[in-house]
Amino acid sequence: MKPKNQRLVLVSAALVAVLVAVLLAMWGLRSQASFFYTPADIVSGKARDGEAARLGGMVEKGSITHDPDGVTIRFIVTDGKAITPVIYRGIVPDLFREGSGAVAEGRMEHGTFVADTILAKHDERYMPPELGNLAAEHKTGKTLEK
Amino acid sequence: MIAEAGLAALWLAAGLAAYQFLLMILALRSNLEVARPMRAVAVVQGGLTLVAFAMLLLVFARSDMSVALVFENSHSAKPFIYKVAGAWGNHEGSMLMWVTILAVAGAFLALFSRRTTERTLIAGLGSQAVLALGFYAFLLFASNPFARLFPAPMDGQGLNPLLQDPGLAFHPPTLYLGYVGLSVAFSLAVGALLTGEVDSRLARAMRPWVLGAWILLTLGITAGSYWAYYELGWGGYWFWDPVENASLMPWLAATALLHSMNVLAARGALKAWTMMLAVIAFSMSMVGTFLVRSGILTSVHAFAIDPQRGTFLLVLLAIYVGAAFTLFALRGASLKEGAPFELVSRESGLVVNNLILSVILGIVFLGTLYPLFVEALSGEKLSVGAPYFNAVAGPLALILAVLVGVGPLLSWRSERRLIFRQLRIPALLGLSALVITMILAPDIHILPRLGFVVAAYLIAAAVLPLVGRNPLRAPLATWGMVLAHLGIAVGLTGMAANAAFSSERLGIAKPGDTLSVGPWLVQLEGVTPTAGKNFTAVEAELRATRGEGAVILNPQTHYYSDPPTETNESAIRTFWNGQLYTVIGKSDASGGWQLRLWWKPFVTLIWAGGALIAMGGALALLGRIWRRRRLSSGEWRRKGYA
């Protein structure tokens, strides 16, 4: 190849790479991204059954119950406006507790949020950014931020 | 006084960085004589940041609660090692560590770089000073680590017990060294673009820095992955968490740079391309820092939102990246391309490598930032996780792994032999892996199956560059390459085995009960209370058997009082063919305990692969340094990349 052609080939290869990356990413994001909802969003019907989603809010005080199998827990997530029941099979994370912020990953099924993963605040100052406004609204920021 | 001394050192260092920048401008506009003090200034600047960082370590070691940062992040009851490590386990401290490494890297560049022309070095040091200057401003105006509290509180607020771990002590510094090592490649590239001296000498000057940074990033990512694996107790080794992606993106760019740099060093080709990658690699480091430090993305690691800091970092990022790309746009086109090469040649092979790595980088970048774009544009909140990254980047990574076996067999400039003949044995191995997994494990998912196939092929293909020659006479760099490529095959085997054959068991057990997982029978012998230095704990005694002899595992749950938290400490037992991973959860009213058990066949190969890749890098680095000593520069040039 002549140097001039070589450059042309390289530049077009780079452009193709960028294009391919963008197209692949768009295709993947369209099908795989999961939306974040609060209980209020769920009540208003934003989350479709079976679609990957995340649910965030406070774990309502006194709402955690254990099933007889010992590893399934149920609790209620609230954002102060609405509540959503959550069911989760597994060991809850280290920092999960009532009155604290939590994010559940999973999907809605018949009015209950079935969680695959539960994220709780990880750092003493950490709070899922989505909950930032919530905390301010409900004066629960103290317990969250400690 | 200690804190004030640290702050003063920081101000002085910032002043020197400004002076260094001024020197560069004057030198490039008039003559190089002006910049004679440049090297000395860079060294003193590096020394001052070391002083500032030492002062920070000292206030943490002494638990000086009158310093706000110590009060917020430390506690007098903490073990000493974690008091010291706590210095960089928080926002301000880690930013100070970042700028310290940046300035010290500049000092080392000033002391040891003899490969580029004086002009390019001065421009590079000026660029390094500008980088440091921005971060000094960030520390001094938006995140002063030495701010005092009055009156001084009695004791600190502690540190998250999850972060009281040897992982914390070494993981961030390793990653930061890697991130910031790339700053030197960035600065040298900017310097060379300013002076127009983009040539193979520049590539050789960059090489040890990129190689060193890349080794540390590889180690940092591997160690971080293992840390998350045993510490989080979730049994996973990679979560596609934004913070993990923040370290993966610079690694991908550095890997591409590492390969294209060799083309520039050996053949003088791919000039503009390599400069662009050098700019991108450090830009990715800064993007990573921005993502982690601004807490802008939802992440299990993210810190509290602080708009002021986030904005500051974003502006810095925009200025640096914008300036570098503008410079590139102005100068890149005027660079003369070096020696031509044909379509089938090692150069082309490395271009393909770079293209695929860039596409993967783009995919990770878009996936990580997509939630941010969407929220900014529509206010909708969403997250992008493993399903996206695995489905989109996974197949590309497999294709790349196939090509890894081909590239090193090609010769420079033009390849006219039929290299596919050499690949007969690897291809045969891959095929047999396909047949064997089809027969023995017909139900596994397509991606892990392809993983086995590619890994089997690559294990043989990776060593081909050593076949047909006396391996003892092969250069160390070749050995390094072979080892690193083998590491890919080993890691891939581990990932495929983990994805295909892991078994998990979640259950509740009373003392005496037995649960089964994979080939194992695990009996809960009992649960006893115990205590550590700053926590109380319960410890389970698990007796695991599979046919012959039994092993005892002791997973724990720790309870900390300051702040009140609990952590699950997994107990892991490693065997030659896998790991038994056990976690104890909560107890229920009837005296049963939650147990989570995994049998993960060959999972350790994942990190062994990472370690091999890093070792390959280390061998290559050693080889370069050793050869450079031995060969005169003329001989070096003739032999080129080996």
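Biologist: Let's begin with the overall make-up. How many helices and strands are there in chain B?

Modeller: Happy to start there, and do keep in mind that the model is predicted. Chain B has 18 helices and 11 strands. Its radius of gyration is 26 Å, close to the 26 Å that the globule rule gives for 642 residues, so chain B is as compact as a globular protein of that length. Along its principal axes, the C-alpha trace spans about 85 × 75 × 55 Å.

Biologist: What share of the residues in chain B count as buried?

Modeller: Of the 642 residues of chain B, 55% count as buried. In chain B, taking contacts between residues at least 6 apart in sequence, 75% join residues at least 24 apart.

Biologist: And chain A? Which pattern does it follow along the sequence?

Modeller: Chain A has four helices and seven strands, and reading along the sequence gives α-β-α-β-β-β-β-β-β-α-α. Of its 146 residues, 43% count as buried. Among contacts in chain A with a separation of 6 or more, residues 24 or more positions apart account for 49%.

Biologist: Could we look at one residue there? Is M58(A) buried or exposed?

Modeller: The way to decide is to count neighbours, with 20 or more other C-beta atoms within 10 Å as the cut-off for buried. M58(A) has 25 C-beta neighbours inside 10 Å, so M58(A) counts as buried. You will find M58(A) in strand β2, residues 53–59 of chain A. For a sense of distance, M58(A) and G106(A) are 48 residues apart in sequence and 17 Å apart in space, C-alpha to C-alpha.

Biologist: Now helix packing. What describes two packed helices?

Modeller: Two packed helices are described by the angle between their axes and the distance between those axes. By class, the contact of α8(B) with α9(B) has 17 nonpolar, six polar and two charged residues.

Biologist: What does the loop between α8 and α9 of chain B hold?

Modeller: One residue to look at there is W240(B), which lies in that loop. Phi of W240(B) is near 55°, a positive value in a residue other than glycine. With 19 C-beta neighbours inside 10 Å, W240(B) counts as partly exposed.

Biologist: Which other non-glycine residue has a positive phi of about 55°?

Modeller: F602(B) has one, although it is not a glycine. F602(B) sits in the loop between β11 (593–601) and α17 (604–630) of chain B. F602(B) is buried, with 22 other C-beta atoms within 10 Å.

Biologist: Back to α9(B). At roughly what angle do α9(B) and α12 (residues 346–378) of chain B cross?

Modeller: They cross at roughly 160°, and their axes come within 9 Å. That makes α9(B) roughly antiparallel to α12(B), and the crossing is left-handed. The contact includes L248(B), L252(B) and H259(B) of α9(B), together with L350(B), L357(B) and F365(B) of α12(B). By class, the residues of the contact of α9(B) with α12(B) divide into 13 nonpolar, eight polar and two charged.

Key. Residues numbered from 1 in each chain as written. Chains lettered and ligands numbered in written order. Predicted model: local features only at pLDDT ≥ 70, side-chain atom pairs only at ≥ 80, totals over all residues. Helix = DSSP H or I, 4+ residues; strand = E, 2+ residues; numbered from the N terminus. Rg over C-alpha atoms; globule rule 2.2 N^0.38 Å. Buried ≥ 20, exposed ≤ 12 C-beta atoms within 10 Å, placed from the backbone. Contact = placed C-beta atoms within 7 Å. Nonpolar A, V, L, I, M, F, W, Y, C, P; charged D, E, K, R; others polar. Axes fitted to C-alpha atoms, helices over the stretch in contact; angles between N-to-C directions. Parallel < 35°, antiparallel > 145°, perpendicular 65-115°, else oblique. Left-handed = near helix turned anticlockwise from the far one by under 90°.
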